[in-house]
Amino acid sequence: MVWFPGLLSYNHGNARENFFPNPFEGITDSIAKNTVVLRIADSNLINGSYYLNTPNFGDYEQNIQELIEKTAKEEGILRENILCAGSSRGGMGALYHGLLGNYALVSMDPVVDRSPWLQTGDVQLMFDCIPVSFVDKLNQLLEKTKLSAEKIQVITSPQVPITYPFIIQLKTWKLVLNTYHMRLSDEQFDYQPYGGKMHGDFVNRNIPLLLMKINEFLYGCDLIEDVID
């Protein structure tokens, strides 16, 4: 499993907190045993680049793909048994690199458009180094992917205004879109202009759902089945 961490803070004095804030170190306790976990740091720009190439790092995407291939070869893992996973910014990383490398993926509420973060200034300090919207890039990959729709799992909610309107601009017939609703009291609704709290709440509340989707894939792998047999 290739884990793409999300972004938890901006412009932190510690580079690790900007590039690698949530490695989900305890994930191995919640997924199929004997799973190799490769954690990717978004080590570009000041706060990362959503795992995309930038003018200063033109082969960043290639480096990530080569690292996945190198690790799989060293561990003797077949391509069809590789899963990319992540949420928020990491969900974008999992979605993009899963499609780029034709790997199965599980993406929780991916940020596929940065425009909500640009309403009050570029808080992520990514400027014009990457596109504002990733929808076109993702749709191009979806158009030519060799993956079946069942291998492209996206989890989201119509209640999250910061992500959902952009996610449904994807070629959703090429993937499985899992939509869920949260039970909320009036005071729990997100009154922030860009809906950031609702996005964070949805991601944090539904970690068990993400783990369930990850395990559905892992326990379906031929390698795992051979061990069980």
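Student: Why is K213 called buried?

Tutor: Its relative accessibility is 12%, and buried means under 20% relative accessible area, exposed over 50%, partly exposed in between (1.4 Å probe, protein chains only), so K213 counts as buried. This is a predicted model, where local features need pLDDT of at least 70, side-chain atom pairs count only at pLDDT 80 or more, and totals for chains, interfaces and linings use all residues. Residues are numbered from 1 along each chain as its sequence is written, and side-chain values use heavy atoms, leaving out hydrogens and water.

Student: What makes K213 and N178 a polar contact?

Tutor: Their side chains are joined at 3.4 Å. The cut-off is a pair of N or O atoms within 3.5 Å; within protein, one must be able to donate a hydrogen and the other to accept it, and residues adjacent in sequence count only if both atoms are side-chain atoms.

Student: Which residues does K213 contact, leaving aside neighbours within four places in sequence?

Tutor: With contact meaning heavy atoms within 4.5 Å, they are V106, Q153, I155, N178 and Y180.

Student: Where is K213 found?

Tutor: In helix α7, residues 207-218. Helices (H or I, at least four residues) and strands (E, at least two) are DSSP runs, numbered from the N terminus.

Student: How do you know that the span of α7 agrees with its 12 residues?

Tutor: The expected span is 1.5 Å times one less than the number of residues. That gives 16 Å for α7, and its end C-alpha atoms are 16 Å apart, which agrees.
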